[in-house]
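Okay, everyone, thanks for coming.

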Amino acid sequence: MGMKTKIALGAVVGIVVIGAVSANAGDGDGGSTGKDTSASADRQAGGAKDAGAGTGADAKADAKPGTKADTGKETEKKGTQADQFKAFVKENGTDKEKEAVSHVTKVQGADDQNDILDTADVYTDFTGGIMGEGTGPAKLIASAFADWKQSENGLVTVYDADGELLGNGQF
C-alpha cells in the first residue's frame, strides 16, 4: 500500500470512530446507571412537564410540597437568578452557607443548562481576589450552588467585586 492510501484509510477510520462516539454521546443515558440523572432531568424539565399533560395521580405524586424539587420550582418564579439562589439557600442552606451567600450580588448562566457544558458565574462583594478574604466563602457559595442546580457537567465560578476569580466548583 502506498503512503497516500494509508493516510486516506486512516482518515476514514478516524471519521467512523468519531461518528460512532458522537452518536453514542447523544443517547441521554450514556450507559450510566445514575438515578440522579433522570431525577434531575425531570426536576429541570419542571413546570412544563408537570403543568402540561397532567397525568392525574402521577403529577400529584411528583409535586409533593416540601420536597427539594418543589422548592426549586417555587424560587424559579421570583426575581433575578441571584434572588432565586439566595432564597434557596435561605430555605435549605447551613448557617455558614447563608452568611457566604449574603455577599452574592449577581448570578449569570444558572437558567441556561444543556448538561453538555454548563457554566454559571456568581459575583460577590468580596475584595482582594484569590488572596483576599472571599476565597473560603467562595467554596461555600459553589457548594450551595451545586445544591441548587444540578448538571451532568457543570462548572460554577465565583468572582469578587472587581471580577477576579475567587474559586469554582462542579454542579
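Gln84 is buried, with a relative accessible area of 11%. Buried here is under 20% relative accessible area, exposed is over 50%, and partly exposed is in between, with a 1.4 Å probe and protein chains only.

Quick housekeeping: this is a predicted model, so local features need pLDDT of at least 70 and side-chain atom pairs count only at pLDDT 80 or more, while totals for chains, interfaces and linings use all residues. Residues are numbered from 1 along each chain as its sequence is written, and side-chain values use heavy atoms, with hydrogens and water left out.

Gln84 is in helix H5, residues 81–92. Helices are DSSP runs (H or I, at least four residues), numbered from the N terminus. Which residues of H5 are buried? They are Gln81, Ala82, Gln84, Phe85, Phe88 and Val89. Seen down the axis, the buried residues of H5 fall within an arc of 165°, so they line one face of the helix. That arc is taken over the directions from the helix axis to the C-beta atoms.

Now the rings. The whole structure has five aromatic pairs. Rings of Phe, Tyr and Trp (its six-membered ring) pair if their centres lie within 6.5 Å; planes under 30 degrees apart are stacked, over 60 edge-to-face, and the rest tilted. One of the pairs is Phe85 with Trp148, which is tilted, at 5.3 Å centre to centre and 35° between the planes. Phe85 lies in H5 and Trp148 in helix H7 (residues 135–148), so this pair ties together parts that are 63 residues apart in sequence. Both Phe85 and Trp148 are buried.

Trp148 also pairs with Phe145: the centres are 5.4 Å apart and the planes at 80°, so that one is edge-to-face. Phe145 and Trp148 are three residues apart in H7, about one helical turn. Ring pairs link Phe85, Phe145, Trp148 and Phe171 into a cluster.

Conventions:
Helices (H or I, at least four residues) and strands (E, at least two) are DSSP runs, numbered from the N terminus.
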